[in-house]
Amino acid sequence: MSPATMNTAFANPFDLTGKVAMVTGSRAGLGQAIAVALSQAGACIVGVDRGPADETRAAIEAQGGIFLPVTADLATTAGLPAIVQAALDRFGALDILVNNAGIIRRADALDFTEEDWDAVVDVNLKSAFFLAQAAARVMLAGGRGGKIINIASMLSFQGGIRVASYTSAKSGLMGLTKLLACEWAAKGINVNAIAPGYMATNNTAPLRADAERNAQILARIPAGRWGAPADLGGAAIFLASEASAYVHGITIPVDGGWLAR
Ligand code: NAP
């Protein structure tokens with residue numbers, strides 16, 4: 001069998017042992033589940049959060065993993081190089097970046113404020129790009145290449161209502177994922193995205209609290225349930241690992257079939 005047919009390095013193509021994975025917004029919700037999953041696959045985790053990520057740290061350490069907390073506010077780009085440097089200082093490398101941190105603001109488009117526009121775009125799109133840039137510089141300088149995973153949304157594909165800045169940022173993030181893949185694929189960095197469907201986290205608490213919206217959403221999900229944060233683990237490990245070596249610029253929906261409907 002030729003090497004092109006069988007990759008003998010693939011004893012376990014999902015193994016992340018020896019890799020360093022940075023996850024933004026790791027202290028709750030989807031970021032926490034992604035951090036725990038990447039740790040289960042063997043990666044050391046750098047969690048980037050505004051405050052203590054004690055629960056995430058405890059979960060990772062309980063399964064024998066290593067967690068480095070880095071405090072940063074991703075509302076501004078000022079601290080981004082220092083975040084990457086913190087990973088280098090501790091581990092000497094950065095292999096995987098998951099741009100997960102995100103916020104949402106809801107108002108009718110006619111009433112939407114510039115403050116609600118800027119706040120969401122700054123965290124969800126601007127900081128994601130500049131952190132990817134800082135990470136890619138380190139990944140390329142280290143000669144190991146890397147994996148960048150952006151957390152997109154159903155609203156990368158669809159319009160939604162009352163979330164003008166969120167839809168714009170998440171649609172932009174899917175476009176940015178393709179652009180970065182085109183620029184960096186040949187350099188050894190895979191850039192891809194995951195688009196979670198409707199997942200039960202703080203971010204969606206107002207939707208689940210609204211009985212009518214909750215029923216509308218549930219009726220449209222073929223899987224018949226809200227997603228759990230842990231549902232993202234498999235896609236995250238896939239995109240972070242050698243299993244996705246030839247996968248570039250895609251956004252994988254993990255949505256219980258929402259987009260298929
Ligand atoms: P979440 O529970 O609200 O978690 C968001 C995370 O981002 C938190 O850890 C939060 O930190 C962090 N964050 C927000 N602003 C930050 C800032 N300025 N600096 C640093 N960290 C910041 O929401 P989630 O549902 O897990 O969302 C995670 C990602 O998935 C987001 O990008 C979201 O848009 C996306 N997403 C979620 C769903 C869903 O159904 N839940 C669907 C599609 C996409 P704090 O704890 O400090 O606030």
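Quick definition before I start: when I say polar contact, I'm talking about a pair of N or O atoms within 3.5 Å. And keep in mind that this is a predicted model.

So, which backbone atoms come up against the ligand's oxygens? A polar backbone atom of G25 is 3.3 Å from a ligand oxygen, and for L30 a polar backbone atom is 2.8 Å from a ligand oxygen. From a side chain, we've got K170, with an N or O atom 2.8 Å from an oxygen of the ligand. Overall, the protein covers 92% of the 880 Å² of accessible area that the ligand has on its own.

Zooming out a bit, 27 residues surround the ligand, and R27, R50, N100, Y166 and T201 are the closest. By class, that shell is 13 nonpolar, 10 polar and 4 charged.

Where does the ligand sit? In the largest pocket. The elements giving two or more residues to the ligand's shell are helix 1, 29–40, and helix 5, 164–184.

Now the pocket itself. Its volume is about 1100 Å³. There are 44 lining residues, with G102, I103, I104, T201 and N203 nearest the centre. Helix 1 gives the largest share of that lining, 3 residues. The lining splits into 22 nonpolar, 13 polar and 9 charged residues.

How values were computed:
Residues numbered from 1 in each chain as written. Predicted model: local features only at pLDDT ≥ 70, side-chain atom pairs only at ≥ 80, totals over all residues. Heavy atoms only, no water. Near = heavy atom within 4 Å. Polar contact = N/O pair within 3.5 Å; in protein donor to acceptor, adjacent residues only side chain to side chain. Areas by Shrake-Rupley, 256 points an atom, 1.4 Å probe, with all protein chains shown as cover. 1 Å grid on protein atoms, 1.4 Å probe; cavity = no way out; pocket = protein on both sides within 12 Å on 5 of 7 lines; lining within 4 Å. Sits in = over half its atoms within 2 Å of the grid points. Helix = DSSP H or I, 4+ residues; strand = E, 2+ residues; numbered from the N terminus. Nonpolar A, V, L, I, M, F, W, Y, C, P; charged D, E, K, R; others polar. Points joined across faces, edges and corners; volume = space filled by probe spheres on them.
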